[in-house]
Amino acid sequence: MAKVTIDDKVAQVPNGTLVVEAAKKVGIEIPVFCYHPKLSPVGMCRMCLVEIGTPRRGKDGQQEKDASGNDVIAWMPKLQTACTTAVSEGMAVRTNSAAVAEARRSVVEFLLTSHPLDCPICDKGGECPLQNLTMAYGPGQSRFPVQSKFHNDKRVPLSDLIMLDRERCIQCARCIRFQDEIADDHVLGFAARGRSMEIVSLSDPGFDSKFSGNTIDICPVGALTSRDFRLAARVWEVDDVPSVCPHCSVGCNIFVGERDHQIKRIVPRENEAVNEIWLCDKGRFAHHFVFASDRLTRPLIRTNGKLEPATWNDALGLVAKKFSESKEEPDALRGLAGDRATNEDLYLFQKLFRNVIGSNNLDHRVGWSASNAGADIVRKYGAGSGTNLGALDKNVAVLVLGADIEEEQPVIRLRLTSSVRRYGANLVVANGRLTRLNEYARQSIVYNYGDEAWFLVGMLRVIMDEGLENKEFVATRLNGFEAFKKSLEPYRLEKCAERCHVRTDKIRDAARLFAQSQDALILFGRDLMVAMQQDGAIESLVAGLLLVTGHVGRANNGLVALYPHNNSMGAMDMGVEGGREARSMGKVPSSRSMYMMACDPAVDGNFAKSEFLVVQDLFLTETAKLADVVLPAQSFAERDGTFTNTERRVQLFRAALKPIGETKPDWWIITEIAKRMGANWSYRSPAKIMEEVASTVPGYAGMTYAALAENVKMPQTPYWLGNPSDEPTMIAMGELENVSSGKLWLSAVESDGRAKFDLTWVKPVERPRADGELFTLAVARSLYDRGTLVNKTKIVQSRVPKPIVEINSLDAEERGIANGTRVRVSFDARVIELDARVDGHVPPGTVLIANNLDGTTALPMGARAKVEKV
Amino acid sequence: VLERIDDGVGAMSDIDLVVNVANQIVGRTLCPLGDFATSPVLGTVKHFRGEYERHVREKGCWARPQKMNGNW
């Protein structure tokens with residue numbers, strides 16, 4: 001710790017703290033442009049110049065004292081940048097002297113000689129640090145005639161998403177540093193020097209990053225603006241409503257910017273535990289589905305073979321009548337609820353089936369989410385509370401199994417990158433192919449698809465052989481350790497290594513790192529979930545790995561399942577699964593009647609229409625076109641609700657818009673159906689439903705709306721709209737409050753600190769050896785896809801990749817395939833033709849196709865595929 | 001500002017402005033060359049202030065060839 005005196009206030013801060021941060025601690029604002037708390041300091045803008053001095057020591061090495069006994073300070077002759085100077089013991093800082101004020105005034109004056117006066121039409125106007133700091137510290141009047149202003153291009157599209165105004169740029173390099181340090185996509189740079197210096201895109205297509213939108217937020221001027229929000233509204237007229245992103249399972253916190261009952265823009269809402277202050281471009285821009293012109297606005301009933309508009313009363317009455325008929329024979333009605341619906345909707349959905357209809361015939365695993373697996377071990381050994389994936393340090397080992405985090409949970413990739421780069425976490429990435437995350441891995445492991453279990457057995461074997469188990473944990477918290485150890489004995493490391501095709505030293509290194517680290521996390525993704533369904537051993541091996549090493553029940557320890565959708569975890573928590581076994585991928589068993597909420601199995605094919613089909617959705621989906629009754633539901637922006645993210649964090653979002661047309665929230669529709677079936681339900685709001693969830697669902701105790709709303713960061717009011725006497729303090733952009741909201745439900749191992757857990761051994765499957773001619777079909781998912789949530793947003797369409805098949809160079813050479821060669825892939829009686837890409841991401845014997853693009857849906861993971869040149 | 005003085009549209013206050021701006025640069029730039037970039041201006045104003053004033057007074061440069069209307 002160091003004691004620093006800043007303008008007569010004394011701050012006690014850790015050594016290495018920057019002066020600008022130390023000043024914040026004692027409530028003193030040092031204005032900045034280029035400095036950003038999340039980025040490395042560069043000291044380019046000179047706005048933060050202050051006077052800095054250190055204690056003067058005499059020739060004897062002793063502190064010199066003045067007459068009144070105070071330390072004598074040796075002031076540095078020149079002003080120093082507060083954003084690059086680290087504190088030292090006894091340092092003194094003056095931020096309010098005349099010299100400092102003069103320096104700030106001149107820096108602002110210089111910036112403004114090259115900055116246009118177009119605030120009235122600038123998207124940043126109203127939330128612009130340059131505007132604010134000019135008001136606070138600027139000269140007020142320019143000494144240079146307006147004719148001598150510097151002019152430059154005002155419309156330079158960097159990409160389909162971002163527009164650059166070169167005139168407004170103050171060359172702080174925040175955007176470049178964000179791309180280099182946080183996103184690690186090196187696609188921006190400076191060109192030229194001096195006044196001609198400009199930001200340029202170094203990639204083709206321009207500004208090719210999944211996180212480009214964040215540069216709009218951190219730009220301290222209006223140089224980088226959103227092409228979606230461009231000239232759409234003034235920021236102070238936009239009402240920012242706290243919400244949660246409806247796309248992937250990260251559950252990024254957002255503000256929905258509403259004006260005139262339209263979504264104008266989406267900006268990130270700070271939550272240090274989830275998304276910090278970042279958002280991926282899909283979350284930021286793909287919101288146009290809410291206002292798509294083809295949204296369902298009225299209930300539809302099929303009459304004479306055609307879907308005709310009807311009243312809610314008629315539609316609900318018909319549904320209730322048909323559902324009541326199936327009360328006699330409960331299995332005649334099947335319910336499917338997509339894992340995009342809220343916890344409240346899913347809870348009522350299962351309650352309707354279990355309590356009112358008396359059936360257990362329901363599921364949430366539809367089409368792609370058919371891969372949701374591993375919920376049992378997550379409930380038991382889920383990551384401890386306090387785990388922050390963005391700040392894992394060198395004491396933490398992170399084992400990522402079968403996941404493509406870059407495409408499926410992009411913000412988690414960004415945060416793991418900063419864990420590795422900034423804090424030194426040790427990352428082990430194991431999958432059947434190379435993904436973006438492998439760049440940051442200390443140990444990259446590529447095993448054979450289908451032999452995941454053997455890799456895990458190998459790791460466990462190393463731990464047992466070398467005695468790396470956590471002896472205390474094994475003795476006090478585990479049952480069946482000896483038996484487990486004995487079952488492992490027949491599996492030699494060499495045999496495991498040979499089966500999964502990974503070198504023994506790599507398995508050994510991964511196992512040692514995992515077992516010997518103070519903390520360790522396992523993150524597993526969709527590839528492993530698919531494998532779990534084919535090999536029951538994997539689940540118990542993953543649990544075994546955590547238990548044997550004792551890496552459970554504490555912060556930065558345990559399991560994180562990376563599910564595909566925003567509320568996959570919630571769907572499992574609410575118990576929307578049961579009855580019949582989950583079927584093979586995408587195949588939906590048919591029943592006499594079916595009730596579908598927020599899901600579209602027909603789009604993947606393999607869907608047989610039942611006698612009576614009810615579909616509740618936002619759009620007239622492929623499934624809805626077959627329906628007998630279509631009920632129009634509401635999107636996340638029109639109603640309140642909660643989602644549970646992939647780390648088990650329950651998060652609240654608020655309605656931002658008026659309902660569109662006659663749409664109703666799902667919970668209301670289910671309640672009305674139940675009432676018409678004679679149930680005594682009286683839910684008036686999702687908050688009331690959550691109260692019931694809190695009292696019945698394990699782990700959700702105490703999760704009321706009031707509790708979930710705690711610490712939710714509220715929109716900042718521009719200070720001139722607030723109390724006029726308020727001092728304009730802390731107005732520099734990038735001011736972080738380090739807030740964190742939402743509530744994590746505790747895993748079993750954490751909620752009961754003394755419970756004992758069973759180690760169970762399941763024998764891994766010995767697959768027959770693959771023969772040389774056929775390839776293993778691996779299935780990826782692309783962030784931007786052809787789904788209804790994305791295809792309504794025009795500006796991101798250029799980001800949707802063309803479907804391709806990735807093949808290893810060895811295989812490609814053998815078959816005369818090169819980049820761009822047309823290739824025919826045949827499997828399971830299906831044939832698709834695609835262009836090939838040869839880039840070494842897949843191992844020999846495997847081909848990789850993204851599942852959610854044009855013409856590539858419902859691909860069976862792990863199928864044997866024939867690949868030939870067309 | 002120097003161009004302004006040189007073109008004959010400068011004001012007396014511009015001389016002080018030039019000095020003032022140069023002093024805003026000295027000691028505050030990121031680049032150490034910034035400190036020295038100001039010395040031609042500061043130096044000439046210090047030693048030849050009269051010439052600057054004459055430029056302002058006589059609305060332009062008397063020594064520049066094109067101003068001599070070709071009368072070499």
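**Chatting about β29(A) and chain B**

Modeller: Let's start with a pairing in this predicted model: strand β28 (residues 641-644) of chain A runs antiparallel to β29(A), with four bridges joining the two.

Colleague: Nice. Which residue of β29(A) is the bridge partner of G641(A)?

Modeller: That's F653(A).

Colleague: And what happens in the hairpin between β28(A) and β29(A)?

Modeller: There are four residues between the strands, and R648(A) has a positive phi near 75 degrees.

Colleague: Is β29(A) mostly covered or open?

Modeller: Mostly covered: this strand spans residues 649-653, and five of its five residues are buried.

Colleague: Which residues sit on each face of β29(A)?

Modeller: One side has R649(A), Q651(A) and F653(A), while V650(A) and L652(A) are on the other; both faces are covered, and these residues are all buried.

Colleague: What about β30(A), how does that strand pair with β29(A)?

Modeller: Also in the antiparallel sense, over two bridges; β30(A) covers residues 743-744. There, L744(A) is the bridge partner of R649(A), a residue whose side of β29(A) also holds Q651(A) and F653(A).

Colleague: How much of chain B is buried?

Modeller: Buried residues are 32% of its 72 residues. The accessible surface of chain B is about 4,600 Å², with 60% of that belonging to carbon and sulfur atoms.

Colleague: And what share of the contacts in chain B comes from residues 24 or more positions apart?

Modeller: 45%, counting contacts with a separation of 6 or more.

Methods:
Residues numbered from 1 in each chain as written. Chains lettered and ligands numbered in written order. Predicted model: local features only at pLDDT ≥ 70, side-chain atom pairs only at ≥ 80, totals over all residues. Heavy atoms only, no water. Buried < 20%, exposed > 50% of the residue type's maximum accessible area, 1.4 Å probe, protein only. Pairing = 2+ DSSP bridges. Contact = heavy atoms within 4.5 Å. Areas by Shrake-Rupley, 256 points an atom, 1.4 Å probe, with all protein chains shown as cover.
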